[in-house]
Structure formats: structure tokens, C-alpha cells
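Good morning, and thank you for coming.

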Amino acid sequence: MSAIVDIRDLRKVYDGGFEALKGVNLSINEGEILALLGPNGAGKTTLISTICGITNPTSGAVSVGGFDVIKEYRGARSMIGLVPQEMSLEPFTKVKDTVMFSRGLFGKKRDDAAVERILRQLSLWDKRNSRAMELSGGMKRRVMIAKALSHVPKVLFLDEPTAGVDVELRKDMWDVVADLKSQGVTIILTTHYIEEAEAIADRVGVINGGQLLLVEEKDALMQRLGQKTLQIELSEAAAGIPDALDGYHLVLSADGRSLRYTYDTKGESTGITRLLGDLSAAGLHMSDLQTEQSSLEDIFVGLVKEGAP
């Protein structure tokens, strides 16, 4: 799979010395969905703004579709659709006119059929004659996406696309993103919603303090870093963990009625069978067992803590 976005040693230092990006290297494959996770101030928006040509880098290089974003700005920008976090729509303009206007900004000829296709794709056709001020927050977000798609870009950037959107509309937006991917659009989204990345991303990038901590296939990441926890319910409360069980690093609940045992999912042996035997030998008897798999959120929080300055 070929890279459609290529970033090499990208750095951005603002006046006053704040270093927002610290040598970021990243290749984004054509047709994939990449989710960028990171806390506020991590550098997500600065990275997107630099790729889109809104912010000039201090050093490094970025190309989109083979076009250098500085030396070949027009070529690069024609490949990109951007949906910013802040919604900026003219309140009195009709939806179809808003999309047509955005298309014209990129030098595209009027094409009513193309605009209709985009509006239908985003379930906006029945709102085509509505003014922005009459739309719900979710519909306004869809109009922002329609504007970004008006010139048929190959790469779509979504900066917090479901911020302020309720759960039902958020899932509808996930369907929209999946549909765009099926049509060959490369999508890079930033999000604070871990479940969003877990639900729709092919790869996950974690950024913190202007540094890209990792970029990895989502499923491989969860398998590599994920852990499972075994919750052992005891038939009788324990006053403490017997010394004979120290090697298992068990955690006893405050009421003494359960134990938590964490093990590596990639290990050849979980150690559970031996643990249960040793529990019985130590005089602890279980009444129930259940396991929990680490979520992407658990992994993300752990990585950010490790990468914190």
C-alpha cells in the first residue's frame, strides 16, 4: 500500500520558544483511516494545520499525493479536504449554496450533479434548501464535511469530528466515515473519544508533547500492549494476601472479597491454572471468576503517562 501523506522530521517552534512539534515522522497509507489520539496541547491540531498548509513548519518536509505542501502548495491543497473542529457556516446561506461556493473556491466548475451526490451521501439532500441557522449540531457537522468534500479530495482531515454531538449522531458519523473510506478516501481524524478510534480506525497514532509516541495497526496494538485481568471472587473475605502468593502480584479489594490478577495476552502461559491451585493451597477458595480485556483507552492512558515529560 502506497503512502499518500509523507511527513519527515517535522518541527514547529512558535515565537517565544514553544516547540509544538518535535521531529514528527509519519507515513499515511492511501485509503486508510488513521486516528490521532492525544491530550489537549499534544500537537494534534498543529500537525494537521501544518499538513494542510495553514501553519508553516519550522523545519522538515511534508508531501501530499507527491506534492510538497510548501513548494507545491496548490497541488497539495487540491488533494486535501479539512473539517476543522470549530463550525463556521454562514447562518443565512442555504446548504446547497454553501457546498457549491466551497467547490468554486478550488476552481471547480459548477456541477449540480456532483453537489447532489455529496449531499445525498451525507443524508443532507432533504436539507438542501435549509439555512445553516435552521440545522441541528449534527446536521451542521455534516455540512462541514460536505464542504470539505466539494472539490473531491483524496485526503480528508477531521479535527474532533464528533465534538459536541450526542452518542446516536456520533455513531451515524462513524457510518459516514466508513462509507467515505469504501470510496477510497484517506481519512485522518483527531479525537478525544477513545471508542471512536477503537470503532473505526485502521491504525492508531498516539501523540503527546509534540512527539509521536507510536503509530500501529489498531488490532496489533491492542494485542501487543493489551492485558487481561482475572477477577477472582472469594467465598470468604480474606484479611490479606498470603505470602505464598506474592509472586502473582495480586490486588485484594477493600472488602477482602475479591482478587485481581493481571496477565499478558501475548504470553505463552497465563499462569491461571497454577494460580488457582496455589490459591487453594493457601486456604483461599473462589466462588466465581471473570476476565476483562484492556481497552484502547487503558493503553492510551498508559502510553501518555510513559511519554509525559
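In which strand is D9 found? D9 lies in strand 1, residues 3-13; strands here are DSSP runs of E with at least two residues, helices are runs of H or I with at least four residues, and both are numbered from the N terminus.

A word on the source is needed at this point. This is a predicted model, in which local features need pLDDT of at least 70 and side-chain atom pairs count only at pLDDT 80 or more, while totals for chains, interfaces and linings use all residues. Residues are numbered from 1 along each chain as its sequence is written, and side-chain values use heavy atoms, with hydrogens and water left out.

Let us return to the backbone. Most residues other than glycine have a negative phi. D9 is not a glycine, yet its phi is positive, at about 45°. With a relative accessible area of 36%, D9 is partly exposed; buried means under 20%, exposed means over 50%, and partly exposed lies in between, for a 1.4 Å probe and protein chains only. V152, also a residue other than glycine, has a positive phi near 55°. V152 is placed in the loop between helix 5 (137-149) and strand 7 (155-159), and counts as exposed at 54% relative accessibility.

I turn now to the aromatic rings. The structure holds 1 aromatic pair. The ring centres of Y248 and Y261 are 6.0 Å apart and the planes stand at 80°, so the pair is edge-to-face. By definition, rings of Phe, Tyr and Trp (its six-membered ring) pair if their centres lie within 6.5 Å; planes under 30 degrees apart are stacked, over 60 edge-to-face, and the rest tilted. The pair links distant parts of the chain, 13 residues apart: Y248 is in the loop between strand 11 (227-234) and strand 12 (251-252), and Y261 is in strand 13 (residues 258-264). Both Y248 and Y261 are buried.

Which residue has its charged end over the ring of W125? That residue is R128, at 4.1 Å from the ring centre. The charged end of K12 sits over the ring of Y14, 5.0 Å from its centre. The rule requires NZ of Lys or CZ of Arg within 6 Å of the ring centre and within 35 degrees of the ring normal.

Finally, consider K44, in helix 1 (residues 44-51). K44 is buried, with a relative accessible area of 6%. Between K44 and G209 there are 165 residues in sequence, but 9.7 Å in space, C-alpha to C-alpha.
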